[in-house]
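Here are some notes to read alongside the model, written for someone meeting it for the first time. Please keep the structure open while you go through them.

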Amino acid sequence: VSHDVTAQVQAEEHLRQLNAELEQRVAARTAELQAVNHALESFVYAVSHDLKAPLRGVDGYSRLLAHDHQAQLNDEGRWFVAQIRTGVHRMEQLIDDLLTYSRMERRHLELRPLRLAEQVAEALAFVQPTLALQRTELSTRCDNAEVRADATGLAMVLRNLLGNAIKFSAQASAPRIEVGCQQRDSVALLWVRDNG
């Protein structure tokens with residue numbers, strides 16, 4: 001008894017060639033993505049470095065103004081200097097967040113239990129000067145919701161959501177933002193709503 005296995009051998013060889021081509025394509029795409037990610041990280045690093053240089057100047061001069069000319073400034077002037085200092089701190093945080101975000105793919109996530117109310121409070125403290133400036137009505141409703149998450153990533157998401165809410169509600173006659181968090185069984189809900 002004999003069986004002609006030529007077709008089977010040819011099919012197996014064709015399959016091996018297809019697999020080899022697919023592996024080559026995947027390797028090429030992976031290399032391309034790594035090169036793009038590296039270029040993006042280099043770009044973000046350069047931009048952040050270029051942004052921090054003038055920011056250091058604003059920081060230094062505002063610190064000198066607050067320290068050396070405190071007596072000559074009235075309450076409104078001191079408030080303006082405080083707002084400049086707060087803005088400088090916020091800008092530094094945003095630049096650092098940009099750097100962190102560009103490295104996120106290589107960064108190991110540090111998952112740990114976090115209370116959402118505390119995370120929301122920190123994010124709100126970050127945007128509080130802008131909320132006050134725009135006379136935005138803010139309401140918060142957070143229970144004891146807890147999540148297992150990366151603190152840096154969650155902080156970036158919250159600041160981004162709040163930034164969007166501030167931007168879009170700014171055109172409303174009476175800007176309003178609501179931030180809340182709630183635990184439902186094994187799920188934690190977090191929301192940011194605005195009237196923009």
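The numbered points below go through the model one topic at a time.

1. First, some ground rules. This is a predicted model, in which local features need pLDDT of at least 70 and side-chain atom pairs count only at pLDDT 80 or more, while totals for chains, interfaces and linings use all residues. Residues are numbered from 1 along each chain as its sequence is written, and side-chain values use heavy atoms, with hydrogens and water left out.

2. The largest one has 19 residues, and Leu124, Val127, Leu131, Leu162, Ile177 and Val179 touch the most other members. H3, helix H4 (151-169) and S4 each supply at least two residues of this core, and H3 gives the most, with seven residues. The helices (H or I, at least four residues) and strands (E, at least two) named here are DSSP runs, numbered from the N terminus.

3. Which residues does isoleucine 177 touch, not counting residues up to four places away in sequence? Among them are Leu131, Leu162, Ala165, Ile166 and Val192. Contact here means heavy atoms within 4.5 Å. Thr136 is also one of the residues that isoleucine 177 touches, and threonine 136 lies in the loop between H3 and S2. Beyond four places in sequence, threonine 136 touches Leu131, Pro175, Arg176 and Ile177.

4. Is threonine 136 buried or exposed? Threonine 136 is buried, because its relative accessible area is 11%. The classes use a 1.4 Å probe and protein chains only: buried means under 20% relative accessible area, exposed over 50%, and partly exposed in between.

5. Arginine 135 is found in the loop between helix H3 (116-133) and strand S2 (137-142). Although arginine 135 is not a glycine, its phi is positive, at about 50°. With a relative accessible area of 73%, arginine 135 is exposed.

6. Aspartate 185 is another residue other than glycine with a positive phi, near 55°. You will find aspartate 185 in the loop between strand S4 (176-184) and strand S5 (187-194). Its relative accessibility is 78%, so aspartate 185 counts as exposed.

7. How many disulfides does the structure hold? There is one, a disulfide being a pair of cysteine sulfur atoms within 2.5 Å. Cysteine 142 is joined to cysteine 181, with S to S at 2.3 Å. The pair links distant parts of the chain, with cysteine 142 in strand S2 and cysteine 181 in strand S4, 39 residues apart. The link of cysteine 142 and cysteine 181 is right-handed, with 140° about the S-S bond. Cysteine 181 is buried at a relative accessible area of 2%, whereas cysteine 142 counts as partly exposed at 30%.

8. Now look at the ring of phenylalanine 126. The charged end of arginine 90 sits over this ring, 5.4 Å from its centre. The charged end of arginine 159 sits over the ring of phenylalanine 126 too, 4.8 Å from its centre. For a charge to sit over a ring, NZ of Lys or CZ of Arg must be within 6 Å of the ring centre and within 35 degrees of the ring normal.

9. Glutamate 178 is in strand S4. Its side chain and that of tryptophan 191 are joined by a polar contact of 3.0 Å. A polar contact is a pair of N or O atoms within 3.5 Å; within protein, one must be able to donate a hydrogen and the other to accept it, and residues adjacent in sequence count only if both atoms are side-chain atoms. Leaving aside neighbours within four places in sequence, glutamate 178 is in contact with Ser139, Arg141, Trp191, Val192 and Arg193.

10. Proline 113 is in strand S1 (residues 111-115) and is exposed, with a relative accessible area of 51%. Not counting residues up to four places away in sequence, proline 113 touches Glu146, Val147 and Arg148. The C-alpha atoms of proline 113 and aspartate 150 are separated by 8.7 Å, and these residues are 37 residues apart along the chain.

11. Alanine 121 is partly exposed, with a relative accessible area of 44%. Between the C-alpha atoms of alanine 121 and leucine 73, 48 residues apart along the chain, the separation is 31 Å.

Terms used:
Core = buried A, V, L, I, M, F, W, Y, C linked by side-chain atoms within 4.5 Å.
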